[in-house]
Amino acid sequence: MTPDAAFALELAVLGILVVLIVAIVVASYAACEPPPRAATAAVHDDVERALGADTLVTCAQAKAAAAAAGKGSGGGGGTAGKSCAICLSDYAAAGDELVRVLPACGHFFHAECGIDGWLRKGGTCPVCRGEPWPLPRQPRPECAPMPPRAAGRDSVGLP
């Protein structure tokens, strides 16, 4: 092979490597882009649908429900139901602000403070880290039920 042919072959291989590296970088960038706005709206609708419209009430209604359930002066996050755990501002004295109540624990937060976004990201109550949905949750239809536990075995599967 002549030196000119070897040099041309080296340039061709180098060009192919550069093209492959650029293709990998572009593909990884495309995988890291945020979802389209329609997909984000679908996730938001899922949170809204999962919690239900009856969890969006006025602050006065939430405090009254918490008091009736025996949770003291309110299940709101922060200091004894006086302030929102997300924005740290006090609830209005009139009690006419809209709050989102988490059904399982009874904690509530300003509806405008982004509790729905918190639930989309973490899926737990910001105060007690509990599931926002009351237990037991309905089984998902796409999941097969667990098989019964074999007799004579403890919880970790040892005899």
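The model is predicted. The secondary structure of the chain consists of four helices and three strands, and along the sequence these elements follow the pattern α-α-β-α-β-β-α. Of the 159 residues in the chain, 23% are buried, and the accessible surface amounts to about 11200 Å², with 65% of that area belonging to carbon and sulfur atoms.

**Core and helix 3**

- The largest nonpolar core has 16 residues, and those that touch the most other members are Ala62, Tyr91, Val99, Val101, Leu102, Phe108 and Phe109.
- Two or more residues of this core come from each of helix 3 (59–68), strand 2 (98–101), strand 3 (108–110) and helix 4 (115–121).
- Within helix 3, the residues Cys59, Ala62 and Ala66 are buried; they lie on the same side of helix 3 because they cover an arc of only 65° around the axis.
- The partners against which the buried residues of helix 3 pack are strand 1 (56–58), strand 2 and strand 3.

- A nonpolar patch on the surface is formed by Met1, Leu9, Val13, Ile16, Leu17 and Leu20, which together have about 640 Å² of accessible area.
- One of these patch residues, Leu9, lies in helix 1, which spans residues 3–32.
- Leucine 9 has a relative accessible area of 48% and is therefore partly exposed, since this class lies between the cut-offs of 20% for buried and 50% for exposed.

**The loop between helix 3 and strand 2**

- Leucine 88 is placed in the loop between helix 3 and strand 2, where its phi is near 65°, a positive value in a residue other than glycine.
- With a relative accessibility of 65%, leucine 88 counts as exposed.
- Aspartate 90 is also found in the loop between helix 3 and strand 2, and it is exposed, with a relative accessible area of 55%.
- Although aspartate 90 is exposed, it is in contact with Lys82, Ser83, Glu97 and His110 when neighbours within four places in sequence are left aside.
- For one of these contacts, that with His110, the C-alpha atoms of aspartate 90 and histidine 110 are separated by 9.7 Å, the two residues being 20 residues apart along the chain.

**The segment after helix 4**

- Cysteine 128 has its place in the segment after helix 4 and is partly exposed, with a relative accessible area of 39%.
- Not counting residues up to four places away in sequence, cysteine 128 touches Cys105 and His107.
- Between cysteine 128 and histidine 107, which are 21 residues apart along the chain, the separation of the C-alpha atoms is 8.5 Å.
- Arginine 129 is likewise found in the segment after helix 4, and its phi is positive, at about 60°, although it is not a glycine.
- The relative accessible area of arginine 129 is 52%, so this residue is exposed.

Note on methods: Residues numbered from 1 in each chain as written. Predicted model: local features only at pLDDT ≥ 70, side-chain atom pairs only at ≥ 80, totals over all residues. Heavy atoms only, no water. Patch = residues over 30% accessible without salt bridge, like charges linked within 9 Å, V, L, I, M, F, W, Y side chains within 5 Å. Areas by Shrake-Rupley, 256 points an atom, 1.4 Å probe, with all protein chains shown as cover. Salt bridge = Lys/Arg side-chain N within 4 Å of Asp/Glu carboxyl O. Buried < 20%, exposed > 50% of the residue type's maximum accessible area, 1.4 Å probe, protein only. Core = buried A, V, L, I, M, F, W, Y, C linked by side-chain atoms within 4.5 Å. Arc of directions from axis to C-beta. Contact = heavy atoms within 4.5 Å.
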